[in-house]
Amino acid sequence: MPKNSKAVKRDLDDEVIESVKDLLSNEDSTDDAFKKSELMVDDQEEKDADVEEGSDVEDERPAWNSKLQYILAQVGFSVGLGNVWRFPYLCQKNGGGAYLVPYLILLLIIGIPLFFLELSVGQRIRRGSIGVWNYISPRLGGIGFASCVVCFFVALYYNVIIGWSLFYFSQSFQHPLPWDQCPLVKNTSHTFVEPECEKSSATTYYWYREALNISSSLSESGGLNWKMTICLLAAWVMVCLAMIKGIQSSGKIMYFSSLFPYVVLLCFLIRGLLLNGSVDGIRHMFTPKLEIMLEPKVWREAATQVFFALGLGFGGVIAFSSYNKRDNNCHFDAVLVSFINFFTSVLATLVVFAVLGFKANIINEKCVIQNSEKILKLLKMGNLSQDMIPHHINFSSITAEDYNLVYDIIQKVKEEEFDSLGLKSCQIEDELDKAVQGTGLAFIAFTEAMTHFPASPFWSVMFFLMLVNLGLGSMFGTIEGIITPIVDTFKVRKEILTVICCLVAFLLGLIFVQRSGNYFVTMFDDYSATLPLLIVVILENIAITRIYGIDKFMEDLKDMLGFSPSQYYYYMWKYVSPLVLLLLLVASIVQMGLSPPGYNAWIEDMAIEEFHSYPTWGMIICISLMVLAILPVPIVFMVRRCNLIDDSSGSLAAVSYKRGRIIKEPINLEGDNTSLIHGKSPSEVPSPNFGKNIYRKQTGSPTLDTAPNGRYGIGYLMADMPDMPESDL
């Protein structure tokens, strides 16, 4: 080798290094820009959370700060006003303690299995209801849209109830409470009690006249009730502010809104047990009436209560679980939340009947005093003989037991003319048998009982603040069932969508704050959710067990949870739950057909409720509510079946968005390898190995392409990517 060969080699190496540097410095700027913005998906083994599609930064999908926050959110959504004012009524009406038996059986048959099903699909696919069912089967994507419609209908009137609670809450900071006594009316000559109040009661009058200022029929609108309009606006502002950042904002509020009701219920239970007559109420509540338990109506009402208590079909359960990690034990969550819901209902029932027992005892004491005075008058007039009255009876301080003894003696002696005496049997059970539910329980019966509490304003504030929190917890889940699916599907900004949704809902909700608004609340409550939700959950069950495949789904759960779920769920999902749901659907349709469609109108002159049938236009609204709620299912099915919308992929789930670009991802929904676990969800499909010249601009396409959600992209598409085959599902 020549002496200067090393120097020559060094010069050549320097030239090569400089050439490489020049090459790197002159790299195509377009490719460099694209590399920075390409879709990046982390390996599941390295990171459990998806990259949120459509975001400007590669952030993960929002996640719960802790497991406790998530559980509280699910509990807050499932535990609502129905636990306080519906479950106690059903328990009393359908056999007392015996009602708990069919309720628990149906909780195990349809409640926990279907709740577990919704939790698992939401957690695995990590999308809202629209994305989940569109991914399972594009032709059944309408299930998610139907859930959103039902959520919207329910949110419209549910927030009105929160507005009512806010009104009563604001009126509770005064002593005595404004519904404690009937108002006095003054005219030029004398002062007298308001006739409408005198014919009913102080709390009934305050509810119908002062709070609602209700009209006499559905057709008589009467204009807006400005007090309730302001309260409705306040309720929607609260919901909007809490939901505007999604679970990042609402999750923190859950610590208060979900836990505070339990504090109030425990305080009411302790206080209630110290009241005279509370034990009578609880004893009456849990005295089993086994003969009633065997009636089919009891099982139908128990199944309906289980169904709605857990929020099945609304989409809120799926939305909340979609923010979980995929290895979260959702089976434990399903069982835990279901039994928390059940025990909350039992706790609320204890509280309600402890307080109603106290109220019944007060009414019974008044009854004894009034009828004792009648007996004294009859004795003075000679209609009754003093000899028939036992010697130990002292009418000045007579007890309920002594009065009932005298009543029985008079009834036996004066059997023929007893009815003309005008005496009443003062039995505390008769008062407790007057079943009250819904607004009648919360705003009339319970408020009347609280007027007799020591420090009644404090207890009134606590009670209505509890109702507000119970309502808000359910509203958060309901609104999440609307917002999350739309954001996941159409990639709109959550903040803007939340504000628009709440604003539109408030404007439409003005029909509920007219003087006739309470009748519209009844209409929506009866017709907007029951049948559509049953159909939605039946289709959810069919989609998983028949179309996706129950065996494949069980394998997915094993891979996701780390253990095989009990075969109990296999048989429940495949056979028992669908059958029970179909029977419940048929029973609900029959019940709806047998019950004349109508509402209870408040007649001011007589101060009583009177049943009115819906007018023709009212019936049209009722039918329209049910049809509109379920209409997305056949529409989406026909659109997918007939290929009326060509998205070149057969599924919106096949398109991912990142920084304005459209990248079609290969998804095969046909083979067994596409299970929710073994196959990747759309957000998990790994990006191809981008090589030289793999990207080209689409020939003949404009500079800007329009994405299905209306956003514009740069227009780069992967070359030589085969068209997406439509799913056989």
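In which hand does H23 pass H24? Before we get there, note that this is a predicted model, where local features need pLDDT of at least 70, side-chain atom pairs count only at pLDDT 80 or more, and totals for chains, interfaces and linings use all residues. Residues are numbered from 1 along each chain as its sequence is written, and side-chain values use heavy atoms, leaving out hydrogens and water.

The crossing of H23 over H24 is right-handed, the near helix being turned clockwise from the far one by less than a right angle. Helices here are DSSP runs (H or I, at least four residues), numbered from the N terminus. Contact (heavy atoms within 4.5 Å) involves residues including Glu480 and Ile483 of H23 and Leu497 and Cys501 of H24.

Now follow H23 (residues 456-490) to H12 (residues 247-257), where the axes come within 10 Å and cross at roughly 155°. That makes H12 roughly antiparallel to H23, and this crossing is left-handed. Ile247, Ile253, Met254, Phe256 and Ser257 in H12 meet Asn469, Phe476 and Glu480 in H23.

Finally, visit Thr203 in helix H10 (residues 202-211). Thr203 counts as buried because its relative accessibility is 4%, under the 20% cut-off (1.4 Å probe, protein chains only). The side chain of Thr203 reaches the backbone oxygen of Ile444 at 3.5 Å. Leaving aside residues up to four places away in sequence, Thr203 touches Trp179, Phe443, Ile444, Thr447 and Glu448.

Methods. Axes are lines fitted to C-alpha atoms, for helices over the stretch in contact, and angles run from 0 to 180 degrees between N-to-C directions. Helices (H or I, at least four residues) and strands (E, at least two) are DSSP runs, numbered from the N terminus. Angles under 35 degrees count as roughly parallel, over 145 as roughly antiparallel, 65 to 115 as roughly perpendicular and the rest as oblique. Buried means under 20% relative accessible area, exposed over 50%, partly exposed in between (1.4 Å probe, protein chains only). A polar contact is a pair of N or O atoms within 3.5 Å; within protein, one must be able to donate a hydrogen and the other to accept it, and residues adjacent in sequence count only if both atoms are side-chain atoms.
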